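Work through the exercises below with the sequence and model open. Try each task before reading its solution.

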Amino acid sequence: LYGDPDEPWYRNDIKVGGTVHGRTTIFTIPDLRVMQVKLWIHEADINKLDEQQGAKITMDTFPGVVLDGSVEKIASIAGSPDQWDRNPEVKRFEVDVTITGHPEVKLKPGISAKAEIFIEDKLDVLHVPIQSVFLEEGTHYCYVVDAMGQPERRRVKPGSGNDTHLEI
């Protein structure tokens, strides 16, 4: 990788015939033995994470392959994935998830990945699609089908949730 991966704006300065100054990183050789997924976690969810929490990593590059990982580092200060963030009032924290075993998969730096971090397991809970719960005048409601087959609005108390379902 040309230059310092943490300072990509200097990459264009590194070229044949270019001027090199002291302490300029000309190129970086990545250590491919340890691969990580860099995540940006919303401030509402950051307190649910701890280092060494387990994770599952998937990539479109390798369909059907699920790799194990663990949370390696959680930033102490909120940041932004890029300097031109269009929504700076949304606070996000950088989280590094280290892939803990991939001998059969030839991973390359820069591959897009999705990581699911396991927060908690809940058994025998009632959950509904997150879109079915709505807020009206400060109270949460959900429609259920009554014994007559008619929709009935019911007050619910939301619990834990993920990006698709909510415990009620």
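**Exercise 1. Find what share of the residues in the protein is buried.**
Step 1: apply the cut-off; buried means under 20% relative accessible area, with a 1.4 Å probe and protein chains only. Step 2: count over the 168 residues; buried residues make up 21%.

This is a predicted model: local features need pLDDT of at least 70, side-chain atom pairs count only at pLDDT 80 or more, and totals for chains, interfaces and linings use all residues. Residues are numbered from 1 along each chain as its sequence is written, and side-chain values use heavy atoms, without hydrogens and water.

**Exercise 2. Describe the largest nonpolar core.**
Step 1: collect buried Ala, Val, Leu, Ile, Met, Phe, Trp, Tyr and Cys residues joined through side-chain atoms within 4.5 Å. Step 2: the largest such core holds 19 residues, and L39, V95 and V97 touch the most other members. Step 3: assign strands; β1 (36-42), β2 (54-59), β3 (62-74), β4 (92-99) and β5 (114-117) each supply at least two residues. β4 gives the most, four residues. Step 4: look for another core; one of five residues lies apart, including V128 and C142.

**Exercise 3. Which residues does L39 contact, leaving aside neighbours within four places in sequence?**
Step 1: contact means heavy atoms within 4.5 Å. Step 2: L39 contacts F93, E94, V95, V97, A115 and I117.

Definitions and conventions: Buried < 20%, exposed > 50% of the residue type's maximum accessible area, 1.4 Å probe, protein only.
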